[in-house]
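Biologist: I would like to go through this model one question at a time. Please show it first.

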Amino acid sequence: MNVFGLDVGGSGIKGAVVDTNTGEFVEDRVRIRTPQPATPEAILDTCVEVVRGAGWEGPVGCGFPAVIKDGVIQTAANIDKAAIGFDLGGRLKEALGAPATIVNDADAAGLAEIRWGAGRGVNGVVLMLTLGTGIGTALFVGGRLVPNTELGHIEIDGEDAEWRASDGARKREDLDWTQYAKRLDRYVTTIEALLWPDLVILGGGISKKSEKFLPHLNARAEVVPAEMLNDAGISGAALAGIPESSTITVAE
Ligand code: BGC
């Protein structure tokens, strides 16, 4: 079936009608700049604009950069603190007059990678990391998602891991690739000691340049770049938006 996938990011809110059998976009993607200030009400309005702009009236799945429980935003690491407690799911549903499911953005990207990308057909424990402004994580066990893992916020050397090892940190500190790879290696090996994943998928825009840092990583697990790149957030959100499905059972 077709579902509209939405991906809320710091700079843009993107969406497309997705064929949830293939993960492909049925029509061109729509993107609108994230409103500033990015208050929850303004984000909601922009999400509605993206969906309406595409002329879509059916079910919607939306990836959002926070912990989400029953459609309600629970955390705000890199977003407007006013978002905490906002019922984005309920409000989107009301505004669109259609089913709307909200999931964590990394969970959405991970769902797409597990279904169609680098994690396709892999059993065991798979960890997807999205390296952007922050670090998002999605954990799969036997193809099933454990939702809302926030492993980007484990503490390493007394600091929030995403502050040191995200792509945002690389840019902020103007790290060269060798320096950044060292940071990332420390992060991945720390997580590995806790979870022992069989496969680690590195996503986010930076995964396009994986040849710059992958060779420097010493993880025991296989570490591979994401295959779906920027589209994963939208396609995975659409999967989560299939009515009556649960995001923890989408794996086949
Ligand atoms: C947030 C996560 C989010 C990640 C990537 C982190 O700061 O806590 O919920 O998935 O950034 O956007």
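This is a predicted model: local features need pLDDT of at least 70, side-chain atom pairs count only at pLDDT 80 or more; totals for chains, interfaces and linings use all residues.

Biologist: Is the peptide bond from Gln36 to Pro37 cis or trans?

Modeller: Most peptide bonds are trans. The bond from Gln36 to Pro37 has omega near -5°. That bond is cis.

Biologist: What is phi of Asp157 near?

Modeller: Asp157 sits in the loop between β12 (155-156) and β13 (159-160). Most residues other than glycine have a negative phi. Asp157 is not glycine, yet its phi is positive, near 50°.

Biologist: Which strands are the edge strands of the open sheet?

Modeller: The sheet has 5 strands in the order β11-β10-β9-β14-β15, with mixed pairing. An edge strand pairs on one side only. The edge strands are β11 (144-146) and β15 (222-225).

Biologist: In β14, which residue is the bridge partner of Leu127?

Modeller: Strand β9 covers residues 125-131 and strand β14 covers residues 199-203. These two strands pair in the parallel sense over 5 bridges. The partner of Leu127 in β14 is Val200.

Biologist: From which domains does the shell around the ligand draw at least three residues each?

Modeller: The residues around the ligand include Pro65, Asn104, Ile135 and Glu162. The shell divides into 5 nonpolar, 4 polar and 3 charged residues. At least three residues come from each of domain 1 (2-107 + 231-240) and domain 2 (120-227).

Biologist: How many Å is a polar side-chain atom of Glu150 from an oxygen atom of the ligand?

Modeller: Several side chains place an N or O atom by a ligand oxygen. For Asn104 the distance is 3.0 Å, and for Glu162 it is 2.8 Å. For Glu150 the distance is 2.5 Å.

Biologist: What share of the ligand's accessible area does the protein cover?

Modeller: On its own, the ligand has 310 Å² of accessible area. The share of this area that the protein covers is 92%.

Definitions and conventions
Residues are numbered from 1 along each chain as its sequence is written. Side-chain values use heavy atoms; hydrogens and water are left out. A residue is near a molecule or strand if one of its heavy atoms lies within 4 Å of it. A polar contact is a pair of N or O atoms within 3.5 Å; within protein, one must be able to donate a hydrogen and the other to accept it, and residues adjacent in sequence count only if both atoms are side-chain atoms. Accessible areas come from the Shrake-Rupley method with a 1.4 Å probe; for residues, only the protein chains shown count as cover. Ala, Val, Leu, Ile, Met, Phe, Trp, Tyr, Cys and Pro count as nonpolar, Asp, Glu, Lys and Arg as charged, and the others, Gly among them, as polar. Domain bounds come from an automatic or database domain assignment. Two strands pair if DSSP finds at least two bridges between them. Helices (H or I, at least four residues) and strands (E, at least two) are DSSP runs, numbered from the N terminus.
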